[in-house]
Amino acid sequence: MEKTVHTPLTGETVRELKSGDRVLLNGTIYTGRDAAHKRLVEMLDKGENLPMDLKGQVIYYVGPCPAKPGAVIGSAGPTTSGRMDAYTPALLERGLKGMIGKGIRNQRVIDAIVKHGAVYLGAIGGAGALLAEAIKEAEVLAFEDLGPEAIYRLRVENFPVTVIIDSQGNDLYTVGKKQYKE
Amino acid sequence: MREVHVDTVTKTIEELCMDANYNLPEDVKEALEQAVQKEACPLGKEILQDIIKNAEIASRDRVPICQDTGFTVVFLELGQDVRIVGGDINEAINEGVRRGYKKGYLRKSIVDDPFLARKNTGDNTPAIIHTTIVSGDRLKVTVAPKGGGSENMSALRMLKPSDGVEGIKKFVLESVDNAGSNPCPPIIVGVGIGGTIEMTALIAKKALLRQLGRYNPNPEVAKLEKQLLEEINKLGIGPQGFGGRITALAVNIETFPAHIASMPVAVNIQCHAARHKEAII
């Protein structure tokens, strides 16, 4: 049974999400991967305003394919989240509530997720065509020069994700593996 | 000598880039269908079904299976009785990549240097080209786009001959376990054993092109492939790393003679979007 969730995320919504839950995400989310994260954190270090208010927001680690004529976006599956680990705690500090990606996070990120009551969601890596169907609007918000790494504002409808790390710090990668290890 | 014009090469590469990125090979689809039956974890089953559905959408709409349309790895088997005319073959291949990635709305994922400005080249060039000269008068072209996520989890180690088959197993299992959820399991594991450092990596990559379900012709190597697959699928990683029995769809091993002092082993990890298409000119 899937849970339906709307962005921006409130602390209460996040608390109800448990590791292993399948969730359908609705509303506005932002894209950002390696180069965009580097820039966001550099802006924070310089005391500059970010291109978006992070409070309650969700960042999707994705560098989509170009949209075909008439399409909203090209294939848009998640990239490996671990490369964003160095930047993530600073963004959680600013109110970021959710991240969508794939792959393991380091302990610093897990601790920051618990501290700030956030959630790490997994989208299926390598299912970019399927996931793009749930993206209904896409516009470049910042860093257009980065091409596929620019920050996009997306509107998603029933975007399918799985809760990997919940706000209590339970990690599906650890729990799931333990259950099936022989 | 049979003449092949570079324009034919460009056109072939252009089409293979799109075909490979839109259409998952039949053997991979079959392996995924079988995996749905075998997977014990209900969530893992659902994930595998979504992966199959994704491949169907990609094929139907002619859109990339995965947004990471990869580094364009090109294998050429050039018959020694073929004469390439009309220009430079490497340039012809890169032009094919340029056109295919533009026309096919594929993502451009290559930066011009590895650690300085890292500026996107804008057209997914250069391709990585591996050429082998073979007998005959044909040119076989294989395009195998390779995603960064799974490539990043690959590993190579110069083992000692005394490490033996147990050392090989330990290293392969360790590499897959360390990779965990990052390379988008279920994965295909290409293993190269023997040769020099570059040869072992190259044969590991070539192993990924072998049809799934076919084993190495050497029965001892085939036995190792089966054993490793079984042990990898006991690690518990499962589809997408959410836990389960299907962590890998196959282990393909290629070997090469080795130096008396060496036993190099390369583990090239391939995500489930195991894309490759070939054509013979």
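The face of α4(A) turned away from its buried side carries two exposed residues, Q107(A) and R108(A). The model is predicted, and the predictor assigns the complex an ipTM of 0.95 and a pTM of 0.96. Chain B has an average pLDDT of 97, with 100% of its residues scoring at least 70.

**Helix α4 of chain A**

- Helix α4 of chain A spans residues 107-116, and its buried residues are V109(A), A112(A) and I113(A).
- These three residues lie on the same side of α4(A), because they cover an arc of only 105° around the axis.
- In an α-helix there are 3.6 residues a turn, so residues three or four places apart point the same way.
- The cover over the buried residues of α4(A) includes α3 (88-93), β5 (119-122) and β7 (151-165) of chain A.
- Just after α4(A), G117(A) adopts a positive phi of about 60°.

**Helix α8 of chain B**

- Helix α8 of chain B, residues 219-232, contains 14 residues. From its first C-alpha to its last it reaches 20 Å, close to the 20 Å expected at 1.5 Å a residue.
- The buried residues in α8(B) are L224(B), E225(B), L228(B) and I232(B).
- These residues are placed on the same side of α8(B) because the arc they cover around the axis is only 105°.
- Packing against the buried residues of α8(B) are α6 (164-179), β7 (187-193) and β8 (248-255) of chain B.
- The other side of α8(B) has P219(B), K226(B) and E230(B) as exposed residues.
- P219(B), which is located in helix α8 of chain B, counts as exposed because 9 other C-beta atoms lie within 10 Å, and the limit for an exposed residue is 12 or fewer.
- The C-alpha atoms of P219(B) and H272(B) are separated by 26 Å, and the two residues are 53 residues apart along the chain.

**Contact between chain A and chain B**

- The contact draws 42 residues from chain B and 38 residues from chain A.
- On the side of chain B that touches chain A, helix α3 (residues 42-61) of chain B gives the most, with nine residues.
- By class, that side of chain B comprises 19 nonpolar, 16 polar and seven charged residues.

**Residue E46 of chain B**

- E46(B) is located in helix α3 of chain B.
- E46(B) counts as partly exposed because it has 18 C-beta neighbours inside 10 Å, whereas a buried residue needs 20 or more.

**Domains of chain B**

- The domain assignment divides chain B into domain 1 (2-20 + 65-146) and domain 2 (149-274).
- The C-alpha centres of domain 1 of chain B and domain 2 of chain B are 26 Å apart.
- Seven residues of domain 1 of chain B are in contact with five residues of domain 2 of chain B.
- Strand β5 (residues 139-146) of chain B gives the most to the domain 1 side of this contact, with three residues.
- The residues on that side of domain 1 of chain B divide into three nonpolar, two polar and two charged.

Terms used: Residues are numbered from 1 along each chain as its sequence is written. Chains are lettered from A and ligands numbered from 1 in the order in which they are written. This is a predicted model: local features need pLDDT of at least 70, side-chain atom pairs count only at pLDDT 80 or more; totals for chains, interfaces and linings use all residues. pLDDT is the predictor's confidence in each residue, from 0 to 100. Helices (H or I, at least four residues) and strands (E, at least two) are DSSP runs, numbered from the N terminus. The expected span of a helix is 1.5 Å times one less than its number of residues. The arc is that of the directions from the helix axis to the C-beta atoms. Two residues are in contact if their C-beta atoms, placed from the backbone, lie within 7 Å. Ala, Val, Leu, Ile, Met, Phe, Trp, Tyr, Cys and Pro count as nonpolar, Asp, Glu, Lys and Arg as charged, and the others, Gly among them, as polar. Domain bounds come from an automatic or database domain assignment.
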